[in-house]
Amino acid sequence: MTTKLEALELALKNALGEGAAITVALGEVTVVVKASEYLASMRTLRDDPALRFQELVDLCGVDYSSYGEGTWDGLRFAVVSHLLSIEHNWRVRVRVFCPDDDMPLVDSVTSIWRNANWFEREAFDLFGILFEGHGDLRRILTDYGFIGHPFRKDFPISGYVEMRYDPEQKRVIYQPVTIEPRENIPRVIREETYGMK
């Protein structure tokens, strides 16, 4: 571990205390916080003078249902944020697991970083993660009539419906998916000299 990472890890431990699990791997620092402490921890990361993570670089949802070849036995959904401290030139990853798999819900951080608005809308749209306190939580990438959340591991690859233009009705219509399952046959190479060079 480099001196810079050691200093960051120490500053995080001092600021967040025992409520956060801090790991350092591959030159990156990851902080895992409980959902009940998420908003307060994020505010501390921004406001603590020893940290000053003023920039929210990214926020995304994660579905761990098939993580580790299906051996994962923890909570299914998580929200992962990447923060940047310009003052100290530090980066940190913050992960919070949603306590309920049936209704994934965590606090919104839009009151801390305004740019979280679109990131949280994207996580809601694609994963179905709800953000308590978000002022405008609606779909951002899929259709308003879209059913389901396409980045969930249990969402079918072909989807549920397809849309096409109907010349008789002179409009775009939705209909059940008509894709037939295909059987892929591997290509067999029959050249006698293949691989001999």
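# Notebook: one predicted chain

**Entry 1. Burial and overall form.** I looked up burial to begin with, and found that 35% of the 197 residues in the chain are buried. I note here that the model is predicted. I then listed the secondary structure and got three helices and nine strands. Read from the N terminus, the order of the elements is α-β-β-α-β-β-β-β-α-β-β-β.

**Entry 2. Aromatic pairs.** I searched for rings that pair and the count came to six aromatic pairs. I wrote up two of the pairs.

I took Trp72 and Phe97 to start. Their ring centres are 5.9 Å apart and their planes stand at 25 degrees; stacked pairs need planes under 30 degrees apart, so I recorded this pair as stacked. Where do Trp72 and Phe97 lie? Trp72 is in the loop between strand 3 (55-63) and strand 4 (77-85), while Phe97 is in strand 5 (residues 90-97). The two are 25 residues apart in sequence, so the pair ties together separate parts of the chain. Trp72 has a relative accessible area of 30% and is partly exposed. Phe97 has 19%, and buried means under 20%, so Phe97 counts as buried.

I then took Phe127 and Phe151. The ring centres are 5.7 Å apart with the planes at 80 degrees, and because planes over 60 degrees apart count as edge-to-face, I recorded the pair that way. Phe127 belongs to helix 3 (residues 116-127). Phe151 is in the loop between strand 7 (130-132) and strand 8 (161-166), and the pair links parts of the chain 24 residues apart. Phe127 is buried at 9% relative accessibility, whereas Phe151 is partly exposed at 49%.

I also noted a cluster: ring pairs link Tyr64, Tyr67, Trp72 and Phe97.

**Entry 3. The largest pocket.** I looked for open spaces in the model. The largest pocket has a volume of about 250 Å³. It is lined by 14 residues, and those closest to its centre are Gly27, Glu28, Trp90, Arg91 and Val92. Which elements give two or more residues to this lining? I found helix 1 (3-16), strand 2 (28-33), strand 4 and strand 5. Strand 5 gives the largest share, four residues. Sorted by class, the lining of the largest pocket has seven nonpolar, three polar and four charged residues.

**Entry 4. The second largest pocket.** The volume of the second largest pocket is about 180 Å³. I listed its lining residues, among them Asp143, Phe146, Phe155, Tyr160, Met163 and Tyr174. Which element gives the largest share of this lining? Strand 8 does, with three residues. The classes in the lining of the second largest pocket are seven nonpolar, two polar and two charged residues.

**Entry 5. Cysteines.** How many disulfides does a search of the whole structure find? I got zero. I wanted the reason, and started from Cys60. The closest cysteine sulfur to that of Cys60 is in Cys98, 12 Å away, which is too far for a bond. A disulfide needs the two sulfur atoms within 2.5 Å. Cys60 is partly exposed, at 25% relative accessibility, while Cys98 is buried, at 0%.

**Entry 6. Positive phi.** I kept one rule in mind: most residues other than glycine have a negative phi. I noted two residues with a positive value. Asn89 has a phi near 55 degrees and is not a glycine. Asn89 sits in the loop between strand 4 and strand 5. Lys170, also a residue other than glycine, has a positive phi of about 55 degrees. Where is Lys170 found? I placed Lys170 in the loop between strand 8 and strand 9 (171-176). Is Lys170 buried or exposed? Its relative accessibility is 64%, and exposed means over 50%, so Lys170 counts as exposed.

Definitions and conventions
Residues numbered from 1 in each chain as written. Predicted model: local features only at pLDDT ≥ 70, side-chain atom pairs only at ≥ 80, totals over all residues. Heavy atoms only, no water. Phe/Tyr/Trp six-rings, centres within 6.5 Å; stacked < 30°, edge-to-face > 60°. Buried < 20%, exposed > 50% of the residue type's maximum accessible area, 1.4 Å probe, protein only. 1 Å grid on protein atoms, 1.4 Å probe; cavity = no way out; pocket = protein on both sides within 12 Å on 5 of 7 lines; lining within 4 Å. Points joined across faces, edges and corners; volume = space filled by probe spheres on them. Nonpolar A, V, L, I, M, F, W, Y, C, P; charged D, E, K, R; others polar.
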